[in-house]
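Welcome! Please take a moment to look over the sequence and the 3D view before reading on.

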Amino acid sequence: MANPLTVITSLGGGKSHEAKGVVKRDWVPTGRIDFATKLNGNDDPSQPSEFKLLVEERRIIESIAGNENLEIQWRLATLKETKAVVTQYHKYLKENSLVKSVFEPEILPPESKDDGSPNAESKRRGLN
């Protein structure tokens with residue numbers, strides 16, 4: 001008879017993550033999100049970096065013994081999911097008056113240093 005520890009190890013040692021049972025409910029998003037990035041050894045949070053939006057999903061599988069198992073995975077977000085997150089973020093900023101409008105000052109001509117003399121007026125017009 002084989003060692004039980006060897007049998008258990010060989011069952012879990014496979015590289016495939018295929019469901020060993022019947023999928024009762026396929027992958028559905030849980031609504032939880034997270035970000036991932038590469039760690040380059042730079043711990044400065046003020047430095048720009050590339051982030052990836054992750055979404056959590058779960059599914060329910062019934063094992064061959066009849067037990068229901070919950071599987072959870074994180075995957076990269078789709079463009080549609082990313083747009084939904086950004087839309088909600090912008091809505092939050094707007095509702096809480098956290099959006100700062102860009103103010104461009106009016107471009108006014110420089111004030112002339114006119115002393116009222118006719119000579120100053122002709123200089124300003126470029127007549128001299």
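The report below goes from the overall layout to some individual contacts.

## The overall layout

What you see here is a predicted model. The protein chain has three helices and three strands, and along the sequence they follow the pattern α-β-β-β-α-α. Of the 128 residues in the chain, 9% are buried.

## A hairpin of two strands

One example to look up is Ile 61, whose bridge partner in β3 is Asn 69. Four residues separate β2 from β3 in this hairpin, and Gly 66 in the turn has a positive phi of about 95 degrees.

Ile 72 is part of strand β3. Together with Leu 70 and Trp 74, Ile 72 makes a nonpolar surface patch of about 310 Å². As background, side chains in a regular strand alternate between the two faces of the sheet.

## Salt bridges

There are six salt bridges in the structure. One of them joins the side chains of Lys 24 and Glu 62, with an N to O distance of 3.7 Å. Lys 24 sits in strand β1 (residues 21–36) and Glu 62 in strand β2, so this pair ties together parts that are 38 residues apart in sequence. Both ends are partly exposed: Lys 24 has a relative accessible area of 47%, and Glu 62 has 28%. Lys 24 and Glu 62 also belong to a network of salt bridges that includes Glu 68.

Another salt bridge connects Arg 59 with Glu 71, where the closest N and O atoms are 2.8 Å apart. This pair links distant parts of the chain, since Arg 59 is in strand β2 and Glu 71 is in strand β3, 12 residues apart. Is Arg 59 buried or exposed? Its relative accessibility is 12%, so Arg 59 counts as buried, the cut-off for that being under 20%. Glu 71, at 26%, counts as partly exposed.

## Helix α2 and its surroundings

Helix α2 (residues 79–95) contains 17 residues. From its first C-alpha to its last, α2 reaches 24 Å, close to the 24 Å expected at 1.5 Å a residue. After α2 comes Ser 97, which has a positive phi near 50 degrees.

One more salt bridge to find is the one between Glu 81 and Arg 75, whose closest N and O atoms lie 2.7 Å apart.

Methods:
Residues numbered from 1 in each chain as written. Predicted model: local features only at pLDDT ≥ 70, side-chain atom pairs only at ≥ 80, totals over all residues. Heavy atoms only, no water. Pairing = 2+ DSSP bridges. Patch = residues over 30% accessible without salt bridge, like charges linked within 9 Å, V, L, I, M, F, W, Y side chains within 5 Å. Areas by Shrake-Rupley, 256 points an atom, 1.4 Å probe, with all protein chains shown as cover. Salt bridge = Lys/Arg side-chain N within 4 Å of Asp/Glu carboxyl O. Expected span 1.5 Å × (residues − 1). Buried < 20%, exposed > 50% of the residue type's maximum accessible area, 1.4 Å probe, protein only.
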